[in-house]
Amino acid sequence: MKKVIIADNEISILSMLELALSDVPGIEVTAVESGESLVSKVKENEYSVIFTDNDMEKDNAGIEAIKAMREAGIKTPIYLMSGRYGGNTPETDTPAIAMNAGATGFIPKPYKMSTVTQIVTKHLG
C-alpha cells in the first residue's frame with residue numbers, strides 16, 4: 001500500500017482531503033497539523049506524495065518544512081498548497097519561493113479535490 005501525507009492546520013481541510021483521497025484505491029493517508037509534525041513523520045516513514053499547507057503554526061511553515069525535508073535528503077514529490085501567491089518579485093511570489101525550496105509543485109487555494117486526487121494518481125503510477 002502506498003502512503004500519502006497531508007499537513008494543514010485546518011481540520012476541515014484535512015478531513016475533506018482524507019475523504020477525497022479515500023476514493024483512490026491502494027493508498028493510506030496520514031494527516032498532521034503542523035510543519036514540524038510533517039517533517040518528523042516523513043523522516044520516520046516512506047511516503048509516495050507529500051502535501052503541505054504553507055501557513056500553519058506560523059507563516060511559511062510549509063516552505064520551512066520543504067527545506068528541512070530536502071536538506072534531510074527526502075526526494076519524495078512535495079506539493080505546497082497556499083492561498084498566497086502572485087507576488088511581484090521572486091522574494092514575494094509564494095510559488096517561486098516554494099519551487100526554490102524544493103517543492104515539486106504548487107496548488108493555489110481554493111482548489112478542487114480532484115486536483116489533489118489527480119496528483120496522487122499520477123505519482124502512484
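**View 1. Helix 1 passes helix 5 in a right-handed crossing.** A crossing counts as right-handed if the near helix is turned clockwise from the far one by less than a right angle, and as left-handed if anticlockwise. The model is predicted; local features need pLDDT of at least 70, side-chain atom pairs count only at pLDDT 80 or more, and totals for chains, interfaces and linings use all residues. Residues are numbered from 1 along each chain as its sequence is written, and side-chain values use heavy atoms, with hydrogens and water left out. Helices (H or I, at least four residues) and strands (E, at least two) are DSSP runs, numbered from the N terminus.

The two axes of helix 1 and helix 5 lie 10 Å apart, at an angle of about 55 degrees. Helix 1 is therefore oblique to helix 5. Axes are lines fitted to C-alpha atoms, for helices over the stretch in contact, and angles run from 0 to 180 degrees between N-to-C directions. Angles under 35 degrees count as roughly parallel, over 145 as roughly antiparallel, 65 to 115 as roughly perpendicular and the rest as oblique.

**View 2. Residues in the contact of helix 1 with helix 5.** Helix 1 contributes M16, L17, A20 and L21. Helix 5 contributes M113, V116, T117 and V120. Contact means heavy atoms within 4.5 Å. By class, these residues are seven nonpolar, one polar and no charged. Ala, Val, Leu, Ile, Met, Phe, Trp, Tyr, Cys and Pro count as nonpolar; Asp, Glu, Lys and Arg as charged; the others, Gly among them, as polar.

**View 3. Helix 2 packs with helix 3.** Helix 2 spans residues 35-44 and helix 3 spans residues 61-71. Their axes are 9 Å apart, at an angle of about 20 degrees. The two helices are therefore roughly parallel to each other. The crossing of helix 2 with helix 3 is right-handed. On helix 2, the contact uses G35, L38, V39 and V42. On helix 3, A61, A65, A68 and M69 meet them. The contact residues of helix 2 with helix 3 divide into seven nonpolar, one polar and no charged.

**View 4. D8, D53 and K109 form a network of salt bridges.** A salt bridge is a side-chain nitrogen of Lys or Arg within 4 Å of a carboxyl oxygen of Asp or Glu. The count by this rule is two. In the bridge of D8 with K109, the closest N and O atoms are 3.2 Å apart. This pair links distant parts of the chain, 101 residues apart. D8 sits in the loop between strand 1 (2-7) and helix 1 (11-21). K109 sits in the loop between strand 5 (105-108) and helix 5 (113-124).

D53 also bridges to K109, with the closest N and O atoms 3.0 Å apart. D53 lies in strand 3 (residues 49-53), 56 residues from K109. Buried means under 20% relative accessible area, exposed over 50%, partly exposed in between (1.4 Å probe, protein chains only). D8 is buried at 0%. D53 counts as buried at 4%. K109 counts as buried at 16%.

**View 5. A cis peptide bond joins K109 and P110.** Omega is about -5 degrees. P110 is in the loop between strand 5 and helix 5. Most peptide bonds are trans.

**View 6. E71 of helix 3.** E71 is exposed, with a relative accessible area of 70%. The C-alpha atoms of E71 and G102 are separated by 9.4 Å. Along the chain, E71 and G102 are 31 residues apart.
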